[in-house]
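This report describes a two-chain assembly for a reader who works from coordinates. Please consult the sequence and the structure shown here alongside the text.

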Amino acid sequence: MAAGAVRERRSPMRVRAARAILPVYTAFVVAYLFLPILVMAIFGFNDIKGRFNFTWQGFTLEHWLNVFNRYPALNDALRNSLLIALVATVVATILGTLVGLALTRYEFRGRGPINLLIFLPIATPEIVLGASLLALFVSLGIARDIVTILIAHIMFNISYVVVTVRARLAGFDRALEEAAMDLGADEWTTFRKVTFPLIFPGIMAAGLLAFALSIDDFVITQFTAGSTLTFPLWVYGASRIGVPPQVNVMGTMIFAIALVGILGWILLQRRELTATPAPSDR
Amino acid sequence: MSAWFRRHKGLVPYLFLLPGGFWLTLFFIIPLLAMASVSLQEGTLGGGFTMTFNLGIFPEAVLRWDDQLVRSLQYGLIVTVLTMLIGYPMAYTIAFRGGRYKTILLLLVIMPFFTSFIIRTISWKFILADQGFVLGTLKDLGLLDQGFRLLATPVAVISGITYNFLPFVVLPLYVALEKIDYRLIEAANDLYASRLHAFLRVTLPLSIPGVFAASLLSFIPAVGDYINADLLGSRNETMIGNVIQRLYLTNNDYPQASALGLILMVGILVSVFLYTRILRGQELTV
């Protein structure tokens, strides 16, 4: 009887231990994903003596204070990156959303080839996308600068926008639009008052994705940039001679801004959820 | 305007498709054709290139860069298996055990993207450095041989690529697992299937669409990657991407580079096609 009692007490513990394996494992993977980012942030505070930022030599806020003063070319590169990401996001989101609308809401001939045209850029390695654009620009004798980078960024973002918007539109209830039309709204009013608000979160998500992909892109940019520098290109060039800690600081800043944005977005959503009164309240 | 729309309703989808389709044709399809055309030309940057229909360039390129081609395929396959092994349990945990932390966990998976991947890779170079704070400390403690190194080895390159593309695997796996009706798994348990059996016979087969998407999202960029080999590897780990990049941007050998780009593209399309055949029933949509 004593043995039975012991076994009864032990088995839930063993079950609990077994149930902890997956969460603990997941925590480890998350730590692995964040390790290089943590290292980046920490070494932005490193009081380096020479050019190499490889070993910890003491704490300083110097690089945070002079982050935009030391390397004018780095500032220009960062500005280029932001400008390219912004313009590419706006254009690609508009073009991609239109394609997404056509694919989910209309019957038409030629759906297969269009689907393929959207899918192929995602299934093509970045280096081929970049290299083929370079081949085109070289063949036509087009000089490479910020415009060619923009052309490339819009191109690779369109497909991602289509995929994201289409996922959102898939669960769309057409009856809502029909109801609006029955109540006398014309197509444009229906789109403005019913369709657009409903798909707006999907468009926002697509835009955010496009912005993130664009600002981070290295491979396609390297092939289409010519002598223009973006933030990743500058950092890559600097990595041969030692990346200055100002890069760590800028990286940390971008990360922090994104983090604040995400947290704000989550809080906003929570608020909206609680602000909508439950049916039982009425 | 709306009267015009009503009369030509059939045209509306084409109007919507026009700008995006135009852009993709002009800057995706035509460049591929341009690359194919350049690969068949001969010449130099200074003297100009002329079309000679030099088909021999393809076997030449394959024979000349066979090491890099084989290595890219090898690394791509290893990375795909590794990301899947690391990512599947994580996606499973988020989907079935995430509870109210689901959104936060998913955000944690995506958040590394907010740091440029160049910076993250340089960060790894730094973590793995011979005398860096990890290996250097272990060596000082006598736990590792002084000559031990990770940088400039295949291990560094493969783990770098694995790190870079892990989030791409977790997300589609999560989406597929999340869709599974948990009652099916409970039914298997009720019918006395062991946990392992229920997983192998119910969960895993139902998650195959996710496995398919995830493995492509890992394999395709991994095969074409050159940043990790560049920053974390040595001359002995160069991949086909490194060769294409050097031929295009340093040597200006556009025909050879274009031929290799085309070989890479066709190679990947053929692998994807065969893979689709193996996992039959999978549609080629993302």
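The sections below treat the chains, the contact between them, and selected local features.

This is a predicted model, in which local features need pLDDT of at least 70 and side-chain atom pairs count only at pLDDT 80 or more, while totals for chains, interfaces and linings use all residues. Residues are numbered from 1 along each chain as its sequence is written, and chains are lettered from A and ligands numbered from 1 in the order in which they are written.

**The two chains**

Chain A has 11 helices and 0 strands, whereas chain B has 14 helices and 2 strands. Helices (H or I, at least four residues) and strands (E, at least two) are DSSP runs, numbered from the N terminus.

The radius of gyration of chain A is 26 Å, well over the 19 Å of the globule rule for 282 residues, so chain A is more spread out than a compact globule. For chain B the radius of gyration is 24 Å, again well over the 19 Å that the rule gives for 286 residues, so chain B is also more spread out than a compact globule. The radius is taken over C-alpha atoms, and the globule rule is 2.2 Å times the number of residues to the power 0.38.

Along its principal axes, the C-alpha atoms of chain A fill a box of roughly 90 × 75 × 35 Å; the C-alpha trace of chain B spans about 80 × 75 × 35 Å. Buried residues make up 38% of the 282 residues in chain A and 42% of the 286 residues in chain B. A residue is buried if 20 or more other C-beta atoms lie within 10 Å of its own, exposed if 12 or fewer, and partly exposed in between, with C-beta atoms placed from the backbone.

Two residues are in contact if their C-beta atoms, placed from the backbone, lie within 7 Å. Among contacts in chain A between residues at least 6 apart in sequence, 79% join residues at least 24 apart. In chain B, residues 24 or more positions apart account for 68% of the contacts with a separation of 6 or more.

**The contact between the chains**

The contact takes 69 residues from chain A and 69 residues from chain B. On the side of chain B that touches chain A, the largest share, 19 residues, comes from helix α2 (residues 12–39) of chain B. That side of chain B divides into 52 nonpolar, 15 polar and 2 charged residues. Here Ala, Val, Leu, Ile, Met, Phe, Trp, Tyr, Cys and Pro count as nonpolar, Asp, Glu, Lys and Arg as charged, and the others, Gly among them, as polar.

| Helix pair | Axes come within | Crossing angle |
|---|---|---|
| α6(A), residues 146–170, and α2(B) | 10 Å | roughly 120° |
| α4(A), residues 111–123, and α2(B) | 11 Å | roughly 50° |

Axes are lines fitted to C-alpha atoms, for helices over the stretch in contact, and angles run from 0 to 180 degrees between N-to-C directions. α6(A) and α2(B) are therefore oblique to each other, as are α4(A) and α2(B). Angles under 35 degrees count as roughly parallel, over 145 as roughly antiparallel, 65 to 115 as roughly perpendicular and the rest as oblique.

In α6(A), Ile151(A), Ala152(A), Ile154(A), Met155(A) and Ile158(A) meet Gly20(B), Trp23(B), Leu24(B), Phe27(B) and Phe28(B) of α2(B). This contact of α6(A) with α2(B) comprises 9 nonpolar, 1 polar and no charged residues.

The contact of α4(A) with α2(B) is made by Ile114(A), Leu117(A) and Pro121(A) on one side and Leu17(B), Gly21(B), Leu24(B) and Phe28(B) on the other. By class, these are 6 nonpolar, 1 polar and no charged residues.

**Local features of chain B**

In helix α6 (residues 117–127) of chain B, 10 of the 11 residues are buried, so α6(B) is largely enclosed by the rest of the structure. Among the buried residues of α6(B) are Arg120(B), Trp124(B) and Lys125(B).

Ala176(B) lies in helix α8 of chain B and counts as buried, with 20 C-beta neighbours inside 10 Å. Leaving aside neighbours within four places in sequence, Ala176(B) is in contact with Ser207(B), Pro209(B) and Gly210(B). Ala176(B) and Ala214(B) are 38 residues apart in sequence and 9.9 Å apart in space, C-alpha to C-alpha.

Ala152(B) has a positive phi of about 65° although it is not a glycine. Ala152(B) lies in the loop between α7 (135–140) and α8 (154–179) of chain B and is partly exposed, with 16 other C-beta atoms within 10 Å. Asn252(B), also a residue other than glycine, has a positive phi near 55°. Asn252(B) is placed in the loop between α13 (240–249) and α14 (254–278) of chain B and counts as exposed, with 12 C-beta neighbours inside 10 Å.
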